[in-house]
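These notes are meant for a colleague who is opening this structure for the first time. Please read them with the sequence and the model side by side.

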Amino acid sequence: MSQQPVEPTPTPPPATPPAPSRSSSLLRRSVIGLAVIGLGGFLFWKLVGADLYEQVKEYQLAVEDRDLSAPVGYLGLNYRKEYNSRPPQFHFEEDGKKLLFASIGDGETPEFYDVTDAQFDPMILQGGFGRDSIPGVDYPILQAPDGEIAQNIGDRNEVVGVVLESGPRAYPMGALTKVEIVNDVDGETPIAIVYARGPDTVRIYRRDIEGTPVTLGTTGYATDDKVPLFYDRKTKSLWLEEPDGSALTCVNGEYVGTRLPAHKTLERLTWGEWVGQYPDTDVLIGNDRSQPIPEE
């Protein structure tokens, strides 16, 4: 029996690798693209970006400095130079009394405070330039934020704000540091806004005694801690803040021992922040110096 030839088993063709899917191809291209972008960004930062960042930072600082230092043009806050005459000795004893220089008076006969029984040590005082040599505000001039002067107050400038019966009101720190005290009103309540340079505090007090308003002025003196000494216009009594800010207390004169209590809490922030909260605010922009210094 003859054998049939065995046909060889055909060798299968080599397998063709599957074509990459569209998604994997896109992923690969994305990775490469991101790497190129990252490298480009790194090189740009090294060559240009760091320099550009510093320029932008310098520009921002310049804008901020301009905002803080630009003159606002407050009205009537310049010093009363006719009072600004400091004697070589402003506290001394005479005929058994302790006297403290108060004012040049009529220019020939100076005026003095009798501080013999004062409830503070006059020797702690510095200054001695005379009553109202620092121009406290007696007749506040107010404006809306878009007013001719108010619009010059940069957004970064500091103010203290309070909501009064008549509405929100701001007192710029740039003005308060010049005047130290603002005689104002909250509805029918007389108030005083007081700035103390040493502790850098601003507080608000009632300024009436048994319903009678008291107008306060600057004496031209401050303590060793740079806390201002005030006087009232009617009796020439002397007033100092309590260290805790609870009151203005009379330390010499007719009202000695009398306290003018703290009134409301002031909020200290930037002008931009205050206007953002209270767009209908008004703001102190000066003192009406066309009116005379009050006598009471």
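1. A definition comes before the sheet: two strands are said to pair if DSSP finds at least two bridges between them. The model discussed here is a predicted one.

2. With that in hand, 5 strands form an open sheet, whose order is β5-β19-β7-β6-β18 and whose pairing is mixed. Its edge strands are β5 (140-143) and β18 (267-270), each of which pairs on one side only. On average, neighbouring strands of this sheet are turned by 40° against each other when direction is ignored.

3. Which strands pair with β7, and in what sense? Strand β6 (residues 158-164) pairs with β7 in the antiparallel sense over 6 bridges, and a hairpin of 2 residues joins β6 to β7. Within this pairing, Val159 has Pro172 of β7 as its bridge partner. Strand β19 (residues 282-287), by contrast, pairs with β7 in the parallel sense over 2 bridges, and here Ala170 has Val283 of β19 as its bridge partner. Strand β7 itself (residues 167-172) is mostly covered, with 6 of its 6 residues buried.

4. Strand β6 also runs antiparallel to β18, to which 4 bridges join it; in β18, Glu267 is the bridge partner of Gly161.

5. Glu180 deserves a separate look, as a residue placed in the loop between α2 (173-179) and β8 (181-186). Is Glu180 buried or exposed? Glu180 counts as buried because its relative accessibility is 8%, which falls under the 20% cut-off. Leaving aside neighbours within four places in sequence, Glu180 is in contact with residues including Ile134, Tyr195, Arg197 and Phe230.

6. The structure holds 5 aromatic pairs. One of them, formed by Phe90 and Tyr221, is tilted, at 5.4 Å centre to centre and with 55° between the planes. This pair links distant parts of the chain, since Phe90 lies in the loop between α1 (22-69) and β1 (91-94) while Tyr221 lies in strand β13 (residues 216-222), 131 residues apart. Both Phe90 and Tyr221 are buried.

7. Another pair, Phe101 and Phe112, is edge-to-face, with 6.2 Å centre to centre and 75° between the planes. Phe101 belongs to strand β2 (residues 97-103) and Phe112 to strand β3 (residues 111-114), 11 residues apart. Phe101 counts as buried because its relative accessibility is 4%, whereas Phe112, at 35%, counts as partly exposed. Ring pairs link Phe92, Phe101 and Phe112 into a cluster.

8. Finally, a charged residue meets a ring: Arg131 lies over the face of Tyr231, at 5.4 Å from the ring centre.

Conventions. Residues are numbered from 1 along each chain as its sequence is written. This is a predicted model: local features need pLDDT of at least 70, side-chain atom pairs count only at pLDDT 80 or more; totals for chains, interfaces and linings use all residues. Side-chain values use heavy atoms; hydrogens and water are left out. Buried means under 20% relative accessible area, exposed over 50%, partly exposed in between (1.4 Å probe, protein chains only). Contact means heavy atoms within 4.5 Å. Axes are lines fitted to C-alpha atoms, for helices over the stretch in contact, and angles run from 0 to 180 degrees between N-to-C directions. Rings of Phe, Tyr and Trp (its six-membered ring) pair if their centres lie within 6.5 Å; planes under 30 degrees apart count as stacked, over 60 as edge-to-face and the rest as tilted. A charge sits over a ring if NZ of Lys or CZ of Arg is within 6 Å of the ring centre and within 35 degrees of the ring normal.
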